[in-house]
Amino acid sequence: MKDLKLKIVTPEKILFEEKVSQVSISTVMGEITILPNHIPLVSQLASGEIVVKHNKKEDASSIALAKDEDLMAISGGFVEVLPDQVVILADTAERAEDIDEERAEAARQKAEEVLKTKLADAESFIMFRAQIEKEMARLKVVRKYKKRGVRTGHNN
Amino acid sequence: MPQASRDIQRRIKSVKNTKKITKAMELVSAAKMRKAVSKVLASRSYSDLVWDTVLHLVKKVDTDKHLFFKEPKEVKKVAVILVSTNRGLCGSFNATLVNKVIESIKIHHPGVITTDVMTCGTKGRDEVRRRKINLVADFHKEDITANSEDIRPISHMITKDFITGKYDKIFVAYTDFMSSLKQVPHVKQLLPIVPEIDERLGHINHDKDKVENISVDSFAEFIFEPGMEKVLDAFLPRLVEVQIYQAVLESEASEHSARMFAMRNATDAAGEMIDELTLAYNQARQASITSEIAEIAAGSAALE
């Protein structure tokens, strides 16, 4: 099968750059999955998760090492899809294994609290809403990752 | 000890102290430079990709449609964002940047009636004020810009000013980080967006990994979700923000390497000065000993 060149970058670093078989992302219009030979597309992204599916590799040596899926949380950005390449320009992005669940939860609660107590101007309201959304996405991703880790006995 | 050699000794001591300080500052700048350079390099790939996306988009979009692409008929009012430093002691860093700004505005846009400057960094602000240039805004600059959110107030303000037609063109002036030895002041047009391959923003030096230039023309369709207008409305301000962010990072890396070299030069100069003064001191000491011996010899000769 054809490969899809996936690149996920944030202003701070290149998070991911590999050939994959498919990638699922949540745009502002809803969740989409991109397979190779997708029609060219430019879309705005919402806070959410990115699920990357890798190609099953033929040689036995890599099977032990290679995970077949990667989970990431992002908070908004853009995606540009060209037939054999996907570029995700994320505002912030993290791999599931890098997210600290407790801290994500604490950050979400804090943002929620601030939102409740002070209904300041519209701008900061939007900002905190966005922050909550971002933390929710991170939490979702990290919980999913943990669950999966237990199920498949995959715990590195 | 006679007065002359005591004076020389005092000077040697003070130069030695200065040398210690400049040496320490050099080391501090070197550490800061490493940090800033790694940040610049990391964010370059992002801004490259954003720019690539824009280049793809402009082929599919009627560029006259969006305000951000529209080239003004005559350029009367321009704004310049001047990214300078908060601290001095970095050689001619800020002065050359301000010179470059004045010069490029004069040469490229002779019809400009007013030039407003927004500064980021206190040294640039002082320089602008000294030269009596219109200063409309001064943004606080962090020593190390943590993330692109710090830039948002600036980009917000200039996009608003551009949309309302307050300015015909907006530039950003920063110092391009080519290598730790070479930094070049550069003035770059932010708005309206010029959809051309950007040569600068460090592009000369870092080899842009050519992700096989796909010709977008071959695609009949290009989907925009949730719609072309909306995507552009969200994407283009982001592009502006990214460009300012990149400019600030480039300036930071340049600042620290400029300071490191300024301090290294100062340390070297101090070393040379110490050598010269030590020589002068030794000569003075020798001269006084010789004259003392001569006096004693003369005294004993007089007694005989």
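Which residue in E6(B) does A:Leu41 stand opposite? In this predicted model, the residue opposite A:Leu41 is B:Ile223 in E6(B). The strands concerned are E5 of chain A, residues 41-53, and E6(B), which run parallel and are joined by three bridges.

**The contact between the chains**

On the side of chain B, 24 residues are in contact with 21 residues of chain A. Three elements of chain B, namely helix H1 (3-60), strand E6 (223-225) and helix H5 (228-303), each supply at least two residues of the side that touches chain A. The most is given by H1(B), with nine residues. By class, the side of chain B that touches chain A holds 16 nonpolar residues, together with six polar and two charged ones.

**A pair of helices within chain B**

Two packed helices are described by the angle between their axes and the distance between the axes. In chain B, helix H2 (residues 93-108) packs with helix H3 (residues 122-130) at an angle of about 55 degrees, and their axes are 10 Å apart. H2(B) is therefore oblique to H3(B). Their crossing is right-handed.

| Helix | Residues in the contact |
|---|---|
| H2(B) | B:Asn94, B:Ala95, B:Leu97, B:Val98 |
| H3(B) | B:Lys123, B:Gly124, B:Glu127, B:Val128 |

The residues of the contact of H2(B) with H3(B) comprise four nonpolar, two polar and two charged.

How values were computed
Residues are numbered from 1 along each chain as its sequence is written. Chains are lettered from A and ligands numbered from 1 in the order in which they are written. This is a predicted model: local features need pLDDT of at least 70, side-chain atom pairs count only at pLDDT 80 or more; totals for chains, interfaces and linings use all residues. Two residues are in contact if their C-beta atoms, placed from the backbone, lie within 7 Å. Helices (H or I, at least four residues) and strands (E, at least two) are DSSP runs, numbered from the N terminus. Ala, Val, Leu, Ile, Met, Phe, Trp, Tyr, Cys and Pro count as nonpolar, Asp, Glu, Lys and Arg as charged, and the others, Gly among them, as polar. Two strands pair if DSSP finds at least two bridges between them. Axes are lines fitted to C-alpha atoms, for helices over the stretch in contact, and angles run from 0 to 180 degrees between N-to-C directions. Angles under 35 degrees count as roughly parallel, over 145 as roughly antiparallel, 65 to 115 as roughly perpendicular and the rest as oblique. A crossing is left-handed if the near helix is turned anticlockwise from the far one by less than a right angle, and right-handed if clockwise.
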